[in-house]
Amino acid sequence: MVDEHADCVSGVSVGPVVAYGPPKTANILLEDWAKHGAMPVDPEAANLTGISKMHLSAEIDAELAETKSLELSRRYMDADAYFLLKSFSYYPRGVARTQFDLDVAASDPGRLPFRVVHTQIAA
């Protein structure tokens, strides 16, 4: 279990299952996942947007999957670990930690994938 080695884990990226692409591409995944009980939240999403959010099963709908993924991310990752993880590949080169902190302060903490420690940001 990861908890047994939590001191060795600096962070995790966790997200609910999403199929990307038009039906020609996405249907391969959607049909396979359906065999295991998953189903798209909106069956027309692949046609309309190319983004199919998924209910993982009758017991784990898309909303619960999102909630669980945020809980798991926060369990192992704080803002420092998230910034280090994403600063080299997700954010634009040279983004300053102060900008990241301002973005975090302007965000809904309930939507952030890391633990937020409330500190005062110097203006």
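Visitor: Why does Val17 count as partly exposed?

Guide: Residues under 20% relative accessible area are buried, those over 50% exposed, and those in between partly exposed (1.4 Å probe, protein chains only). Val17 has 31% relative accessibility, so it counts as partly exposed. Please keep in mind that this is a predicted model, where local features need pLDDT of at least 70, side-chain atom pairs count only at pLDDT 80 or more, and totals for chains, interfaces and linings use all residues. Residues are numbered from 1 along each chain as its sequence is written, and side-chain values use heavy atoms, leaving out hydrogens and water.

Visitor: Where is Val17 found?

Guide: Helices (H or I, at least four residues) and strands (E, at least two) are DSSP runs, numbered from the N terminus. Val17 sits in the segment before β1 (18-20).

Visitor: How many helices and strands are in the protein?

Guide: Five helices and three strands, following the pattern β-α-β-α-β-α-α-α along the sequence.

Visitor: What share of the 123 residues is buried?

Guide: Buried residues account for 22% of the 123.
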